[in-house]
Amino acid sequence: MENSFKTVSVLSKTVLVGSIIIFMASCGDGGKEETQTIDTARSSLIKNNTQKVFYSVPSPLEMASLLQKAGAKYDRMILNDINNTSRYSSNAAKAINLGIYGADLTYTSVFDQTQETMFYLKAAKNLADGLGVTEAFKKETIERMENNISNKDSMMAIISDSFTETDAYLQENDRSNVSALVIAGGWIEGLYLACKVAKVAPKGEDVKTRIAEQKLSLENLLGIMSAYPEDPAVADFSKDLNGLKEVYSSINVATGDTKLSTDEASGVVTIGSDAPKATVSPEQLELILKKVEEIRNKLIN
Amino acid sequence: MYSAKKMPYIFMFFVMFAILTNNAKAQCNSFAKKKCLPTLSPYTHNGQLNSTQLGAGETAELAMTFYSGQNYRLKVCHEPGIEGVYFKLKDADHKELYNSHDKDIQHFDFNVKSTQQMFIEVVVPDHKDGEHSKGGHDITHSGCVSVLVGFKP
C-alpha cells in the first residue's frame, strides 16, 4: 500500500513535470486554430530507402526577376489590394496571403515602385505578425528596407532574408504545413502576375515561355504540398492546383539531351540542352489565366 | 509494480525525445542560416531552407526547376563530424550530370541553356568506427546537412 502510494506520487509528479515541459516547448507557437500543425519537416520519405526528398519552387524574387528580364511592364492594378488584410482571420488565409503579398512586395520592389513597396511591406508584416512570425519583418528589417528602398539589389537581399526567416521559424515550430501555404500563395501570385502581364503584351513571347515553364514548378509545388495531406487548407489548395495541372497537360516543356561545359576562367558550368523553348498559344494562355484567376480570387476574397 | 516504476522514465524519455527532435530541427536551420547562407552571396537565396539531419549512408534529394537565362549557385553545407559529404546533379531522367565526390569545391556555379527540372542528391558516405575527420573531429555519423540554392539574373 505504501509502495503503491509512492508509485502514484512519482507518477503524478512525472506527469506534472512532463506536462510543464511540453507546455514550455510549445510556447511561442501561437495560432494553431484552423491550420493543423503536423510534426513533420517539409520532406517526405521515398519508399524502399531512407532518402529524404525536398521540393523547391521559384521564389517570388526569382519569378519577378524572370518577368522583368522578359520585358514585363509594371501594373499596380493587378496586385492584391492592401486593404484586404483585414479579411484574413484564419491562419491558413494569413499564410496564403502572406505569400501573395510577399510576391506583390517583390514585384513592386523589382520595378522600383518605392511607395508601393512600403505599402506591401506593411501588409506582409501585418500578416506575418498575425502568424507569430515576428522575426521576418522585425523593426531592424523594416529600417533596413527603408534605408535601402532605392537600391534594388539590397532590397532583394533583405526580402530574401524575410522569406528565409519565415520558412525557418515555421519549420522550427512544427508548422511546415503553414510554410507550404506561404510558398504556394507566393507561387500562384507570381504566376497570376505573369499571366496578366502576358495578356496586355501579346508579343511578349519570353513572358509566355516563363508561363509555360511553370508546368515544371507546379509539379514541385504539388510535391511540397503532398507532405501534408491531413491539413484541410493544404488539401483544398492542392485540389485547386491539380485542376491547374490538368490545364497545363496540353503544354509541352521539352527536355532534350543535356551536356556540361565549363568556362575555364570563371569555373562556371553551363548545362546545355538542345530542347526548344516552351511555348503557350493564346488559347492556352487564356485557359491558364482563367484557372489561375479562379484559384487566386478564392484565396484573396 | 516493477513496470509501474519504469513507466515514469519511459514517459520522460518520450517527452525529451520530442523536445530534442524539435531542437535538432531548430539547430539545423540555425546552422544553415549562420554558416551556409552567407556563402551564397552575391547570389540571392530562394528563401527555402532545405536542411535535415542525415546519418552515414543516408541521402537527401532536392527537386527543382532551373530557368534559362539565370545563374545559379548551389551550396551543400554540413556540420563538422560528418565527412566526405558530396552531391550529384542529375537531369529530369535522373541521369548523372555532375558528381562532386573527391572534388574540393566550395560551391557549384552554373547556368542552364534550357529551362529544365533537375535533382540534387546529397550523399553522406558510410564511415568506419573510430575514424577521425580531416579536421581531427570524431566522426559522429550524423549531423545537419543543408542544400541551398541562390540565383543571379
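Biologist: Which residue of E3(B) does Lys52(A) stand opposite?

Modeller: In this predicted model, Lys52(A) faces Ala60(B) of strand E3(B).

Biologist: How many residues of chain B are in contact with chain A?

Modeller: Contact asks for C-beta atoms within 7 Å. By that test, 49 residues of chain B are in contact with 54 residues of chain A. On the chain B side, helix H1 (2-36) is one of the contributing elements, and strands E3 (59-66) and E9 (142-152) are among the others. H1(B) gives the most, with 13 residues. That side of chain B divides into 24 nonpolar, 17 polar and eight charged residues.

Biologist: Let's turn to chain A. How is its chain built up from helices and strands?

Modeller: Chain A holds ten helices and four strands. Along the sequence, the pattern reads α-β-β-α-α-α-α-α-α-α-α-β-β-α. Of its 301 residues, 46% count as buried. Among contacts between residues at least 6 apart in sequence, 75% join residues at least 24 apart.

Biologist: Why is the span of H4(A) called close to the one expected?

Modeller: The expected span is 1.5 Å times one less than the number of residues. H4(A), residues 114-130, has 17 residues, and the expected value is 24 Å.

Biologist: Which residues of H4(A) are buried, and what do they pack against?

Modeller: A buried residue has 20 or more other C-beta atoms within 10 Å of its own. Thr117(A), Tyr120(A), Leu121(A), Ala124(A) and Lys125(A) are among those of H4(A) that are buried. The buried residues of H4(A) pack against helices H3 (91-110), H5 (139-147) and H6 (152-172) of chain A. After H4(A) comes Gly132(A), with a positive phi near 85°.

Biologist: What makes a set of residues a nonpolar core, and which have the most contacts inside the largest one?

Modeller: Its members are buried residues of nonpolar kinds such as Ala, Leu and Ile, joined through C-beta atoms within 7 Å. The largest core has 117 residues, and those with the most contacts inside it include Leu67(A), Ala124(A), Ala194(A) and Ile211(A). Helix H7 (residues 176-200) of chain A supplies the largest share, 15 residues.

Biologist: What does Ala194(A) touch, leaving aside residues up to four places away in sequence?

Modeller: Ala194(A) touches Leu67(A), Val207(A), Arg210(A) and Ile211(A).

How values were computed
Residues numbered from 1 in each chain as written. Chains lettered and ligands numbered in written order. Predicted model: local features only at pLDDT ≥ 70, side-chain atom pairs only at ≥ 80, totals over all residues. Contact = placed C-beta atoms within 7 Å. Helix = DSSP H or I, 4+ residues; strand = E, 2+ residues; numbered from the N terminus. Nonpolar A, V, L, I, M, F, W, Y, C, P; charged D, E, K, R; others polar. Pairing = 2+ DSSP bridges. Buried ≥ 20, exposed ≤ 12 C-beta atoms within 10 Å, placed from the backbone.
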